[in-house]
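Reader: I am new to protein models and would like to learn how to read one. Could you take me through it, starting with how the chains meet?

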Amino acid sequence: MKHWIWLLPAALILPACVTINIYFPAAAAEKAADKIIDEVWQLKQEQQNQQKPADAPAEK
Amino acid sequence: MKKYLYAITFLLAALTAMPAAIAAADLEINTPAIAAIQGSMQARHGQLAPYYASGAVGLTRDGLVAVRDANAVPLKDRQGVNSLVAAENKDRNALYKEIANANGHPEWESEVRNTFAQRWVQKAQGGWWYQDAGGGWAKK
């Protein structure tokens, strides 16, 4: 009988997992948008440590 | 009794760690579909840029582009501008949708769109036109 009491926190906590997961990650989205916009509008000619072209010359 | 206590402690520990892990995570944008759309938009940008600069085309508040002043375009080029704008908007809509899908949350599409709408304007060059929150055109 007594162990039923543990179902209460479980019932409260499990939906919270789902709730956390559906939050829109605004900061990450902004970062992703900036990265795509920089490439589409070619705002940064210098590649920034990501996506180095395969035929790039050796490290300076 | 004791094993329940352990179970709850473990559950709580997992839950406190979880939001931090999620907050630190990046949005997935490295998919073939997104790369393809991005490439297509990048190739088109050279053609659109002069129209942004002349004010013929502006950035809308819903993350798209629109012909703002057709008179700024010579008559013979107007059809071309309309096609460019239509193609660009098709790509942009697909991009927002793909990003939401790539992250397993199709319902994020409108938030992705809103984020982009703000960032496009933020990164636009001076002199380009954009729609403010009320839908009116403003010059950056």
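Author: Happy to! The contact draws on 28 residues of chain A and 36 residues of chain B, where contact means heavy atoms within 4.5 Å. Please keep in mind that this is a predicted model, in which local features need pLDDT of at least 70 and side-chain atom pairs count only at pLDDT 80 or more, while totals for chains, interfaces and linings use all residues. Residues are numbered from 1 along each chain as its sequence is written, chains are lettered from A and ligands numbered from 1 in the order in which they are written, and side-chain values use heavy atoms, leaving out hydrogens and water.

Reader: How much area do chain A and chain B bury between them?

Author: Buried area is the accessible area (1.4 Å probe) that two parts lose on being put together, summed over both. Here chain A and chain B bury about 3,100 Å², with 73% of it on carbon and sulfur atoms. Trp6(A), Phe24(A) and Trp41(A) supply 25% of what chain A buries against chain B, more than any other three residues.

Reader: How do I read a pair of aromatic rings?

Author: Such a pair is described by the distance of the centres and the angle of the planes. Rings of Phe, Tyr and Trp (its six-membered ring) pair if their centres lie within 6.5 Å; planes under 30 degrees apart count as stacked, over 60 as edge-to-face and the rest as tilted. By this rule there are seven aromatic pairs over all chains. In one of them, Trp41(A) and Tyr52(B), the centres are 6.1 Å apart and the planes at 65°, so the pair is edge-to-face. Trp41(A) lies in the segment after helix H2 (26-40) of chain A and Tyr52(B) in helix H2 (residues 32-54) of chain B, so this pair joins two chains. Helices (H or I, at least four residues) are DSSP runs, numbered from the N terminus.

Reader: Is Trp41(A) buried or exposed?

Author: Buried means under 20% relative accessible area, exposed over 50%, partly exposed in between (1.4 Å probe, protein chains only). Trp41(A) is buried, at 6%, and Tyr52(B) is buried too, at 1%. Turning to another pair, Tyr96(B) and Phe116(B) have ring centres 5.1 Å apart and planes at 45°, so they are tilted.

Reader: Which residue meets Arg92(B) in a salt bridge?

Author: That is Glu88(B), at 2.8 Å from N to O. Both lie in helix H3 of chain B, four residues apart, about one turn of the helix. Arg92(B) counts as buried at 0% relative accessibility, and Glu88(B) counts as buried at 2%. Salt bridges that share partners join Arg44(B), Glu88(B), Asp91(B) and Arg92(B) into one network.

How values were computed. A salt bridge is a side-chain nitrogen of Lys or Arg within 4 Å of a carboxyl oxygen of Asp or Glu.
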